[in-house]
Amino acid sequence: MKRKLACILLVLTIGIIIGYIFFVGWLLGLVLTKYMAGKTSGKQGRIRSIVIPFGRHGVHLHHWLISSGIIILSLIIDIQFLASAISYGVLSGLVFQGIYCYSDWHKILITRRHQSIENTAVYN
């Protein structure tokens, strides 16, 4: 309960500081990801996970990792269509949902056994 309250207060504070457009984008990103992603860790969502084979392991590109990369890349090379507050809000919502809702968010290098379980999961 304390964790949820702290997260809600953090998001509201950021929304007030950065602006309501960012907050609306963040909320949109969170809702879309909750709908499209797996319900729990290890469950396949409506969109398949991206796993790049790497020897006897695989590199799992989580949606939060991809979104973080897009945010960083757009800041570095100044991509104009991503420069709006709503774009950063949507991408930040994806990052937040990926880290907050899954216990395996930090597991990027996975074994073949875990990869095969992930790939055979039934779609929701």
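Contact here means heavy atoms within 4.5 Å. On that basis, F22 touches I14, A85, Y88, G89 and S92, with residues up to four places away in sequence not counted. The model is predicted, and this briefing covers its largest nonpolar core, the packing of helices α1 and α2, and its aromatic pairs.

**Nonpolar core**

- Ten residues make up the largest nonpolar core: V11, F22, W26, L30, W64, I71, Y88, L91, L94 and V95.
- Three helices, α2 (20–36), α3 (63–77) and α4 (85–100), each contribute at least two residues to this core.
- The most is given by α4, which supplies four residues.
- Two members of the core, F22 and Y88, also touch each other.
- W26, another core member, counts as buried because its relative accessibility is 9%, and the cut-off for buried is under 20%.
- As general background, nonpolar side chains in soluble globular proteins tend to be buried together.

**Packing of α1 against α2**

- Helix α1, residues 2–18, packs with α2 at an angle of about 140°, and the two axes are 6 Å apart.
- The two helices are therefore oblique to each other, since an angle must be over 145 degrees to count as roughly antiparallel.
- On the α1 side, the contact is made by V11, L12, I14, G15 and I18, and on the α2 side by Y20, F22, F23 and W26.
- By residue class, this contact comprises eight nonpolar residues, one polar residue and no charged residue.
- V11, F22 and W26 take part in this contact and also belong to the largest nonpolar core.

**Aromatic pairs**

- Across the whole structure, a search finds three aromatic pairs.
- The ring centres of W26 and F96 are 5.1 Å apart and the planes stand at 55°, so this pair is tilted.
- This pair links distant parts of the chain, as W26 lies in helix α2 and F96 in helix α4, 70 residues apart.
- F96 also pairs with Y100 in a stacked arrangement, with 5.2 Å from centre to centre and 10° between the planes.
- Both F96 and Y100 lie in helix α4, where they are four residues apart, about one turn of the helix.
- Y100 counts as partly exposed because its relative accessibility is 22%.
- Ring pairs join F23, W26, F96 and Y100 into a cluster.
- Of the residues in this cluster, F23 and W26 also take part in the contact of α1 with α2.

Notes
Residues are numbered from 1 along each chain as its sequence is written. This is a predicted model: local features need pLDDT of at least 70, side-chain atom pairs count only at pLDDT 80 or more; totals for chains, interfaces and linings use all residues. Side-chain values use heavy atoms; hydrogens and water are left out. A nonpolar core is a set of buried Ala, Val, Leu, Ile, Met, Phe, Trp, Tyr and Cys residues joined through side-chain atoms within 4.5 Å. Buried means under 20% relative accessible area, exposed over 50%, partly exposed in between (1.4 Å probe, protein chains only). Axes are lines fitted to C-alpha atoms, for helices over the stretch in contact, and angles run from 0 to 180 degrees between N-to-C directions. Angles under 35 degrees count as roughly parallel, over 145 as roughly antiparallel, 65 to 115 as roughly perpendicular and the rest as oblique. Ala, Val, Leu, Ile, Met, Phe, Trp, Tyr, Cys and Pro count as nonpolar, Asp, Glu, Lys and Arg as charged, and the others, Gly among them, as polar. Rings of Phe, Tyr and Trp (its six-membered ring) pair if their centres lie within 6.5 Å; planes under 30 degrees apart count as stacked, over 60 as edge-to-face and the rest as tilted.
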